[in-house]
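The exercises below each set a task and then work through its solution step by step.

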Amino acid sequence: MRTYVTAVFRANEGHEDEVERIFRSFVTPTHEKDRGCVSYALNRGQDDPRTFVFMEEWDSREDLETHLETDHIQEGLAALAGKLESQNIILLERLEGGDVNG
């Protein structure tokens with residue numbers, strides 16, 4: 001079963017650019033190396049530039065869990081220490097009827 005993730009982070013004031021740089025460093029290795037990654041998109045709040053949202057789709061929850069243990073994620077999470085005000089990671093399953101084309 002596919003796993004969808006919405007991960008919302010809020011940077012501490014003054015750390016926005018550094019948090020963005022760290023989060024951007026996750027994207028290419030995830031796309032290139034992480035098995036089961038269907039989509040992995042980083043977004044930044046238009047009205048609140050301290051807010052960052054990853055919207056992800058994985059072939060399985062196991063693929064997501066493997067991704068979270070990779071060096072690029074573990075090193076990035078360590079670099080984020082003390083730079084985040086909050087985080088909320090939501091794992092989802094898609095219900096029928098949400099796609100325009102079926």
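**Exercise 1.** Find what the buried residues of α3 pack against, and on which side of α3 they lie.

Solution. Begin with the packing: the buried residues of α3 are in contact (heavy atoms within 4.5 Å) with α1 (16-33), β2 and α2 (61-68); helices (H or I, at least four residues) and strands (E, at least two) are DSSP runs, numbered from the N terminus. This is a predicted model, in which local features need pLDDT of at least 70 and side-chain atom pairs count only at pLDDT 80 or more, while totals for chains, interfaces and linings use all residues. Residues are numbered from 1 along each chain as its sequence is written, and side-chain values use heavy atoms, with hydrogens and water left out.

Next, name the residues: in helix α3 (residues 71-79), H72, I73 and G76 are buried, where buried means under 20% relative accessible area, exposed over 50% and partly exposed in between (1.4 Å probe, protein chains only). Because they cover an arc of only 95° around the axis, they lie on the same side of α3, the arc being that of the directions from the helix axis to the C-beta atoms. Finally, D71, E75 and A78 are exposed on the other side of α3.
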